[in-house]
Structure formats: C-alpha cells, structure tokens
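Have the sequence and the 3D view open as you read.

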Amino acid sequence: MSNLEETARSLFKEEKVNLIIGFEEGSRHPRPFFCTSTDDIPKLILDKRCHNNTAVYLTKKDLLGTGLVGIVATLRVLKSALQLSLENQINEGQFIFIAGEDASDVQVLKDKASIQSYVDAHPEIPDSKVEERLHHIESMSREDRWAFWKNELSKCIRCYACRAACPLCYCERCVAEVNCPQWIDPWAAPLSNMEWQVNRAMHMAGRCTGCGACYEACPLDLPINLLTKELSSEISEDFGKGISGNVLSSFNPADKENFFK
Amino acid sequence: MKRYIIEKSKVNEWLKQIIKSTERVLAPVKDGEKVYFRPITSPQETDYDSVTTTESAKETVFPRTETLFRFKTEGKDTTLSEVSAESYPQTVLWRARPCDAVGFLPLDAIFNWDYKDNIYNLRRAKLTIVSFSCNTSDSCCFCTSVGGGPGNTEGTDILVTLLNDERALAEVVTEKGEKLISLCPTLFKAVESDEGKSSALAKIPSRFTSEQVQEHLKNAFDSSIWKQQSARCIGCGACAFVCPTCACFDIQDDKCGRDGKRIRCWDSCGFSLFTKHTSGYNPRPEQSMRWRQRLLHKFSYMPDRIKVLGCTGCGRCSRACPVDMNIAEHLYSIANYNHEK
Amino acid sequence: MKDMENKDNNFEPRIVAFVCNWCTYAGADLAGTSRIKYAPNVRIVRFPCTGRIDFMLLLKAFGSGADGIIVSGCHPNDCHYTSGNFHARRRWIVFRNLLDFLGIDVNRITFSWVSAAEGAKWADIVNETVDKIRKLGPYTEYRRAKDYTEEAKQYE
Amino acid sequence: MKNNIYLPYVMTIDRIIEEAPGVRTFRLKFKDKEEENAFSFRAGQFAEYSAFGEGECTFCIASSPTRKEYIECTFRKAGRVTSGLERLEEGATMGFRGPFGNFFPIEEWKGKNLLFVAGGIALPPMRCVIWNILDRRDEFGDITIVYGAKSENDLVYKQELKEWGERSDVRLVTTVDPGGETPLWKGEVGFVPSILEKTAPSSANSIAVVCGPPVMIKFSFPVLEKLGFADDCIYTTLENRMKCGVGKCGRCNIGKYYVCKDGPVFTKKQLNDLPSEY
C-alpha cells in the first residue's frame, strides 16, 4: 500500500518510465493527463470521479514513444488492458499499471497474472441504472423498442466519439471508413446511424468489458452502451460465463439455438 | 435599431402568433439532460432555463445531411433535378442565444466568400432569429473573450432581454425582426432607452482577447504547444459537430437502384480520414496536426481570409468533449505561451 | 416494387435468400429439377459458405426493399469447409439477439439448414416464409428510417 | 456558372482510351450545346468528375484549352469513384463540374525555355500545358520533357510520347524505375530526379514545371535548385484532397489558402511560405 505521488516518483526514478498516463483536475471533471516529468507529478489525482477509460491510449503508438510507460489504472482500465493483451495489442513489459481507486491507496502491477488477480479480487458492482434501463427496454413490445431506438439514434450526429473513446476500437481502418463497398453510409440518418451502432455492437460482441466509455463520451447521451451490454449478457447466457477472447471467431459444436429450421 | 417593451407575461402570446403565422418555429426543447432546437407547436414546449442548447443552431441553415440535387438514370442517360426552393421552410429560431446569432456570420462568410452557395442562401434568407440575452452562464462560456457578450445584438434579428422587473426589452435589428413585431403591434410599446438592459445580463469575465490569440498564432505553426495540448484528444468529431461555425463537409452519393441524390453531410478536420489521399498518403497524419488545424483555422486563417473569427465563445465544444479539451483554457494558454520553445 | 406496396390486398412479399453454394443452393436446384413448385417471391444470392454471409448483408437487404430474408446453409457437421456453419450459427445467435433488442422484426428472417438432398424442405421453407411475410405485410417501417429527408428529422 | 454550385454539367463519354494498366482517358462532350459554347478554361485548372451513384473526384483537365470541342481527363482506378468511372462505357453519362482553381501563367512564359518534369499519372495536368504550348510552338524557346513511370507499361499517353519524341523542336526524355524496363526499352532507366540531374537542362531564361507524387517532387526540387532554377521559376500543382472545389468544404485548406481556389498551381516560392501540409 502506498500513495500515488510516491509511486509515480519511484516509477520515474527506479523504473525509468518516460511517461505516466493518469488523471488531472479538469475544468468540469477529472481528465486524462500525460505526465512526462517529475515536476508534473503533483498534478496527478485519482479518485471516484476519474471516469475516463485511459486504456484507450495504450494502442496509440505515436503518443507512447518507445520507452516504458506507466498508467494510473482504475478497474475499467485494467479490464480493458487484459482484453487488449488477449488480442495481442499490448505486450507484457510495455506498461506498468498503477492500480487503485484512490490516490491514497495504489499498487504497482507489472504482469498479466497480477492484473488478472487484482481484477478477480475487485468484482464490479453492477450499475443498477444500466440494469434498470436494460430491463425496461427488454420489457417493451417490439414496436416500442423500434420506436425507442429509432428516436434515440436519429439524434446521432456521427461524431464517432463512441468509437474514439473505446479502448477496444483500435482498428487503424474502421469498417465505417471502408467505401468499397460502402457498408455503412457515412452521413447522419436514422438508418445509417443504426447500421453504425449495429456494427459497433457486433464488433464488440464478447469483447466489450462494459466500461461504458462509449456512453459517457456521447455528446448527446445516447444509451449506446446498452447495445453492447445486452449482447454481453446474452453471450454469457448462450455460450457460458467467463468465455474470453472474441466470441465470434470461435465456436462450439454444442452451441444451442432455437430458431433454425 | 428600434427598441420596444413587452410585458414578460405577454411573450408567450407573441410566440403563439409567431407559431401561427410561420411554417416552422424552432425553439430549445428539453429531452432528458439535453436541450435541442426542435419544431414547436405551442409556446409551453420552450425551455428558457438552459444556458445553451447541446447542439448549435447551424442546422437551421446547414443540416447535418442535405440533398444537393437528385439524379435519375435510364439506360446510358442521366437526368438531374434540383430541390425546389419552396421546400426550404420559412423558419423562426426562437430563444437563440447571442452566441447562436453571431455564429451565423462566419457561416455566411464561408458560404459566400467566393462562390455563392445558393442552397445555403435560400435557407438563410428564410430564417428569422429571435435571440434572448443571457442572464446565466456556465464555466464553459467565454463569449466576452472573442468579441461577443451576453447582450450582443450582432447577427440577430431581434434580441429580447428579460429585464429585472416585469418587462422585457426587444431590440429590433432588422427588417425581418420588425415583421415579427408587427404580428402583435398591441403588445409592444416603443421606447428610446435600453431600460437598464445591462443590469439584467450575466457577468462573463473576459479571459483573453481574440487579438492576443491571433497575435500569438502568427508564429505558432511549429510550436510544441499543439502536441502538448492534443495528447489527450481521442480524435472524435464531437467538437466540430456541435460547433456553430464549423462548416467542413463531405459530399456523398446516396443511390437506390437507378435513382439517387448527391448529398452533403458534416465532416470534421479532426478525423484522420479528412485529408487522406487515396494513395494512403496523409498530409496531416497526427492528431496534434489536426488539432492545430482546428484552432488555426478558426483563429488565424478565417480572420485572415474571410475577415471573421471562427468562434463565438459558446463553449459547446468544451461541454461535448469526452476528455475535457476545454477550448477557452487552451486559448488562454496559447495567449500566454512562448512559442519560440 | 412501389406498386406492390400501394395495393395492400395483393401485396407480394420480396424475399432475399442468402444461401451456401454446397448444400442449400444445391437443394434449391434439386427442388427445381424435381419440378417442386414453390412461391416465386424469392431471389437467391449464392455464397461459398454461410460463414461468408456478413450480417450487414441482411440489413442492406431490408434497407433496399426486402420484406423478408432467408439464411440457409449446410446442416451442422456437414459444412464443406468443416466449421463455417458453426461460426455462422454463433454469429446469427448474437445478431438475432441484437436485432430483437433494437426492435427489428426478427420474424422476417428465416434461418434454416437445407442439405443438397432436401429439395422439398427448401420449397417448404420458401412457402412458409412467403406466407408469414404476407401476413406481416411490407417492411416499410424499416425502409422509412432510411429516408432522412422524408423523415424530416428535426430540420429538413 | 450554374446557380447551384454543386450541380454538374451532364457529359457524354465520347471515347475511352486505355493508357496503361488501370489508367484510362475519357473524352467528354457536353450534352447541352449552349453549355459547351459558354464553357472555357485555362491550362492547369481542375474539375470535379462524377460517376452518379458513386460520387465525385478531382482531376486536372488533361486536354488543351486550344482544342474546343471536347474535354479529356485521365485517371487511374484507385478508389470508389474512379472504379465507378471505370465501369462506364462509351456513350454513358457522367458529371463534370468546373473549371476550378488557378492556372499556369503561360502568357508570362512567352520567349522562355520550358522544362517539364512529370512522374506516373501526373503527366495529364502537364499534357494540357504541353499541347497548349505546342499549338503555339514559335512563341516559346526550348522545350524539354522528362517523364518517368514505374514501368514501361505504366507510361501514359504512349502515342503522344511517340509523337513528341519524333518532333525536332521537343527534347523528350522518358525513364522507367529500375526493373520496369523491357529488353526493347530505348529510354532511360532510373528515378525521375536522378534522370533529371543527368539530363541537366539549362536554367537560363527557363521555367520548370514539376508534377508527380509527393516523394518525386520532394527529391526533384533540390536537383532543380542545383541546376540553378530560382524558386519563382519552379511551378508545381498540389494534389490535396478536395470535395467541393469551390472553397467551402475545408478539405484542401493549407494555412490561409485553399488549394481549390488559390491553387492547384503554386510556385516553389509560394510553397516556401505555406505550412508543409501538402
């Protein structure tokens, strides 16, 4: 047990990190902060308000440089990092994680195993609001669900903040930008917005860690995290809990369905 | 400019008349936590409390997606047809803010500085803006730093200020505005003075001046500040899409069978694809360069080229940013930064 | 197509079938050579394998005017490529959930396994689907969401 | 100019010429005679070409303004729109919006020697100038053309290259990248900048026009400098991405300039003052 400032200092000194990605006080709420020298360490903060999933920076090579990078990691950051590691996007030894929920109590995690055991030891409390909204939508008639989503998604301005904020949306060329063929129309319209969200959800199926960064990033508060959330719960129901990796790139001959004729 | 006094309690009566006589009245409407300009059918739908709407008012003249023309193919032949001017509705934008109204000036300049964009101009000519002075503000507002203010009449047709007593002041700037007043002549009483308007306005401290920023940007292209500021930027288009003056767009074809339309839709210089050539070469490959383009375009290139600042200080980009890229804060640090480094 | 929608009482459903080359396409072929009559409303699109059928194709089909969709391939364990249909099955389980959650009418999509020997089954699947879609009516609800100008979002 | 600046002229594809693998030249004619008569342009200007249903893309006008009856464009099939154009047949309809941008100041070049340096698919914008000048040959001094492509097959305008090569009043140097030659290849082998250095045209009373991929331009400039060309005697065209062509969409903005309005033709001197975003 140690505090954030001391840990950061020792990382710069002992471990020779060039950069610590953490949080600083922002203009409205804490925000991601790139701490590149010991002079900036006092700016680092960590508390319950630190919502951004900074794992999104782990795959941005031009920001990270070549050296060792430290990252102040909340539970959601660690979960995303585990998934990134599973997908071979980050390597062990590339990052040092300063795990914790509060600046007064952090611990240094360096390898996958210790991150895994930290995550296992800190089970997430399900967000009751999200569960409530999910149940509410599930209980609607199909027509009402269609009306609900059509209304919500017709507001979408296609700023792609949901994509940008998601640590697992790291593709260098997104399907939304492919134009031969043009799978998803690039303009904002109810149906093309829906097609975009369907793609996002399908590409997240079984990979989404449920951090809610997409929803928090959305400037219009569209409840798009519910799509991936719904799929996650269906997937663990259909294919078993604790399934890891990309669910859609694997299969089980015993998979059950009830709609094939 | 003509000035009138109207009882606050009669404002809705006036709005009712406006709704009755106009094809479309757009006003701020609350939807969950957010506020949008939406068509209203009764005065009660209007939200008067919010500082600004979540999205800007630019969509009244520059929709997110709009048809430029239609095409129809038969055999080897294609015929084109334009959207009729009548399909653009006569519109009153109700309870805009002064920063919304002033935001139309950069758009006017962009769409008319050289070639005239007729589609924009047709929509614009049919728009009347009734803005309301700000009596509140939030931490993202910085209009006074970019030459605006909570009681600014620039760009508006009518500015209404809710005075500290039972009255409201209507300052009529244009012919279009006068027409709206004439819908209910009995509700208005002409006055000479501004009836103590300034005491009813929000206090928004000026944090820098646009001249300061422009001066500093002159030699800032190679400054290290861009990388520093944009490190946390995740490269979405939220700031550009909620901005009242961002007008970059894309042109696309929407084809259905043999028919289709050419449309334009919003785009953002913050996207990596924006400048990328088909060959894969990208003149602005890094996010820091795209962030630099955004600020330089608004605060250096636009004032240089079309004589208007590309920012109204509405603060929407700061409110929308998922990683708190607060533009006023960044501009302040630019105005106080030594770019020689 | 417009004509079909205008006269509701004699609405003819448009069905797009995405089928695999090795089983269902051959099955449909067999239905033909066996002179089994079935509804003419179906347009068949042939793929190497059900594993190749991108979920976006279904959305594109609805968006471009299909009222119903059939997705069909080899029975489990019979895939020409060993496991393509297992992958596809998983994808359809997930995708169907998502569509249902979004309120897209999953009753308009028939999933089936039809082998090269099951010409009669293919004919039944088509007939059943056409009947079902005939009852459900044209899928204008979906197509309307495509048109942003008519839909008049807030501003158009 | 039309009232709606986004509405293209409707053109018929009169002839299609296969130039090289994936490269085609379209000869376009106006459907409307009145529009044809009112139309004029100058060498170096560009236009937006549309395949209806696929979109618009930007190329220079490759024919000479001295040849009134048609417009030509040459493009390589690369993305969605060019693929759509490639699918069109002779007699089909396409859109044409233009002319846009500035042009080469040919009138100022009267009496001067001209050097043209081009690589690959960048010969088309220059061809417009070359024909323009060849049609008024006696008003100009020596003409040197250095043109290179990846391989012999990738050279465009093969017929015209032959024609220019046979003229005594034009010095034509063609080159292919090492490995791109066939046993019968009679031209040079090497990258354009080094062949340019080898050709060593005189810079006295001369203008150089350079068009090509960014990397070719980058390496050709120092060679020209070495040969003694002043910065304001070197012209090039910028190839920034564009959508509207009329200074609205913001895509081609570099500094306070818009390539579609202030370009595409720039001198090296002008480029020196521009942010390096091209």
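## Salt bridges between chains D and B

The rule finds 11 salt bridges across the interface of chain D and chain B in this predicted model. A salt bridge is a side-chain nitrogen of Lys or Arg within 4 Å of a carboxyl oxygen of Asp or Glu. One of them joins Asp114(B) to Lys261(D). Their closest N and O atoms are 2.8 Å apart.

## The interface

In chain D, 50 residues are in contact with 46 residues of chain B (contact: heavy atoms within 4.5 Å). About 4,000 Å² is buried between the two chains, with 53% from carbon and sulfur atoms. Buried area is the accessible area (1.4 Å probe) that two parts lose on being put together, summed over both. On the chain D side, Tyr6(D), Lys248(D) and Glu277(D) lose the most area to chain B. Together they give 18% of what that side buries.

## A helix pair in chain B

Helix 6 (residues 210-217) of chain B packs against helix 11 (residues 327-335) of chain B at an angle of about 60 degrees, with axes 8 Å apart. Helices are DSSP runs (H or I, at least four residues), numbered from the N terminus. Axes are lines fitted to C-alpha atoms over the stretch in contact, and angles run from 0 to 180 degrees between N-to-C directions.

Gln212(B), Val213(B), His216(B) and Leu217(B) in helix 6 of chain B meet Leu331(B), Ile334(B) and Ala335(B) in helix 11 of chain B.

## Basis

Residues are numbered from 1 along each chain as its sequence is written, and chains are lettered from A and ligands numbered from 1 in the order written. In this predicted model, local features need pLDDT of at least 70, side-chain atom pairs count only at pLDDT 80 or more, and totals for chains, interfaces and linings use all residues; side-chain values use heavy atoms, leaving out hydrogens and water.

How values were computed. Helices (H or I, at least four residues) and strands (E, at least two) are DSSP runs, numbered from the N terminus.
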